Amino acid sequence: MKKLASLGCASILALAIVSGGTSFAAGEIEVIVNNNAGGQGTSAYLANGTTMVPLNVVRQIPGISVSWDNKTKTVTVMKGSKMISLVAGQKTAFADSGKITLSMPATLEKGRIMVPLRFIAEVSGAYVTWNSYSRTVYVAKADNRLMERLASGNLTDARRAVMQLPRVSKIRNLEPTPSSLEGQSFTYYFPEGEYKRFLIGGGDVVSYYEVVNERSQLIWTARLTGGAKTDSVLFFKETKAIEESGVRPILKSRLAYFHVMPHIGAASYGFIGPDGTVTELGTKDVTMNEEVVDIPEEQK
């Protein structure tokens, strides 16, 4: 069996512009572009309600190319044949359609060019949102291949594509406690016959997502009580959790589940009934991004 060495926690954790503000806001800001963290030391900051980031962050956004001309101090953004230019220090951007007023200009900070993230992200057609709990900016833009797979009519392939969609969160995120991650196994749950709603259980945390346009949005997440099983939390509203955030889903139909064991490169699968009864149907070898397998017995 092929091991899924890089899967583990990255699949468990929920991957996570800005309102108000005058002048500069204190505290670190994390920027996540299509589930990829910009990393520490990006020097992102808020200025007059605008998130300012280095060029290497906006270069991660699909659908555009971004360049810097040090001689003219100009940032050029290309989307196909369309071009937009921003000159450092000027609050006016220049596009084929005319001038555009910016909330904040591109700025040189300690030898690094900082640009307004939302403006450039929206040029590419990306979705941008701010999580005030974690001070995180999410940028989400799915590529065409993923969108084609979602619309393919093949339930298994659509579910696999959903797992790769950019994830965003507007609620307080919860991370599994390290002691609960022994073995790093996790479980995907989908209402039978569906792919646009799913849960991920890993360690002592379960998270519920819904697909909105080209992204998966975290709707609810909870830390389970000691000894509680994830499956019991999925169905019964009265089940207690140590802590939770967002709106808990009420799921009335049975769920298809896929329990992934990266250390052996396999996933067990089956159904969970509304009463919590688990019916395991088998185990298959799986590879990264194909952890969800076909269940012939599923009502589609």
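1. Basis. Residues are numbered from 1 along each chain as its sequence is written, and side-chain values use heavy atoms, with hydrogens and water left out. Because the model is predicted, local features need pLDDT of at least 70 and side-chain atom pairs count only at pLDDT 80 or more, while totals for chains, interfaces and linings use all residues.

2. Terms. Strands are DSSP runs (E, at least two residues), numbered from the N terminus. Two strands pair if DSSP finds at least two bridges between them. Strands of a sheet pair through backbone hydrogen bonds, either parallel or antiparallel.

3. Strands 8 and 9. Strand 8 (residues 82-87) runs antiparallel to strand 9 and is joined to strand 9 by three bridges. S85 has F94 as its bridge partner in strand 9. The two strands form a hairpin with four residues between them, where G89 takes a positive phi near 90°.

4. Strands 9 and 10. Four bridges link strand 9 to strand 10 (residues 98-101), again in the antiparallel sense. This hairpin has two residues between the strands.

5. Faces of strand 9. In strand 9 (residues 92-95), A93 and A95 make up the covered face, whereas T92 and F94 lie on the uncovered one.

6. Strands 13 and 14. Strand 13 pairs with strand 14 (residues 136-140) in the antiparallel sense over five bridges. V128 stands opposite V139 in strand 14.

How values were computed. Buried means under 20% relative accessible area, exposed over 50%, partly exposed in between (1.4 Å probe, protein chains only).
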